[in-house]
Amino acid sequence: MTPDEKKQQVARAALEHIVPGTVIGVGTGSTANYFVDALAQIKNKIEGTVASSNATAERLKSHGIPVFELNSVDEISVYIDGADESNRYLHLIKGGGGALTREKIVAAVSTRFVCIADDSKLVDVLGKFPLPVEVIPMARSYVARQLVKLGGQPIWREGVTTDNGNVILDVHHLEIAEPVKLESEINQIVGVVTNGLFAKRPADILLLGTDTGVKVLD
Ligand SMILES: O=C[C@H](O)[C@H](O)[C@H](O)COP(=O)(O)O
């Protein structure tokens, strides 16, 4: 099975986690895109969605799926999104597509976070995938120096501006033994909006696409 087939497999499996008649949160990226396409088949069963990026909002609307502003919604029953890496405790690295801040906000509001990924994303120790950090543009160099002090090698994702008008630093060579601690440390650097570690609020369940079917970790 190709990685794309595995992503489609878990995207379809995620439909079973939807709570009928509610608003659901929808993530960003290739796996989330497959989920949006699958969701279109059952769009009448939900009240609508909150999107974690402009790109996802456009895709949802192209299928005729209602998209609400987060501020007009009281509750999100479930958030469905991909990840760049997950460990066995469902601590994640996200933000390969630059949507980490809105993803973290929508995940925080959601009662449940269902992560969907192909099995290449499961790792023993987070950090092989460079950790994305969203930064206020004028603080880029300062934040980069602070990240070096934490042991990382930050690389500016040149040419990329987030949906929030900020820049991204991708931090290489971190071996993340304590994800909750590092998430908090990086977020305390002045100028950081947030980082792509989802450890303080990990996923509640991980649906992993494998050659032998969907594996569930929770
Ligand atoms: O900013 C992007 C998101 O965090 C994605 O969920 C993550 O990069 C995984 O993307 P994909 O499903 O394309 O591997």
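Predicted model: local features only at pLDDT ≥ 70, side-chain atom pairs only at ≥ 80, totals over all residues.
Q: Which residue in strand 3 is the bridge partner of Gly 25?
A: That would be Tyr 79.

Q: And what about strand 2, how does strand 1 pair with that one?
A: Strand 2 covers residues 48–51, and its pairing with strand 1 is parallel too, over 4 bridges. Within that pairing, Ile 24 sits opposite Thr 49 of strand 2.

Q: Which helix goes with strand 1 and strand 2 in the β-α-β unit, and what is its hand?
A: Helix 2, residues 30–39, is the one, and the β-α-β unit is right-handed.

Q: Back to strand 1 itself: are its faces covered or open?
A: Both faces are covered. Val 23 and Gly 25 are buried on one side of the strand, residues 23–26, while Ile 24 and Val 26 are buried on the other.

Q: Zooming out, how many helices and strands does the chain have?
A: There are 6 helices and 13 strands.

Q: How much of the chain is buried?
A: Of its 218 residues, 48% count as buried.

Q: Why would the radius of gyration agree with a compact globule?
A: Because a compact globule of 218 residues would come out near 17 Å, and the chain has 17 Å. Along the principal axes, the C-alpha atoms fill a box of roughly 50 × 40 × 30 Å.

Q: Last one: what share of the contacts with a separation of 6 or more comes from residues 24 or more positions apart?
A: They account for 73% of those contacts in the chain.

How values were computed:
Residues numbered from 1 in each chain as written. Buried ≥ 20, exposed ≤ 12 C-beta atoms within 10 Å, placed from the backbone. Helix = DSSP H or I, 4+ residues; strand = E, 2+ residues; numbered from the N terminus. Pairing = 2+ DSSP bridges. Right-handed = clockwise from strand over helix to strand, strands pointing away. Rg over C-alpha atoms; globule rule 2.2 N^0.38 Å. Contact = placed C-beta atoms within 7 Å.
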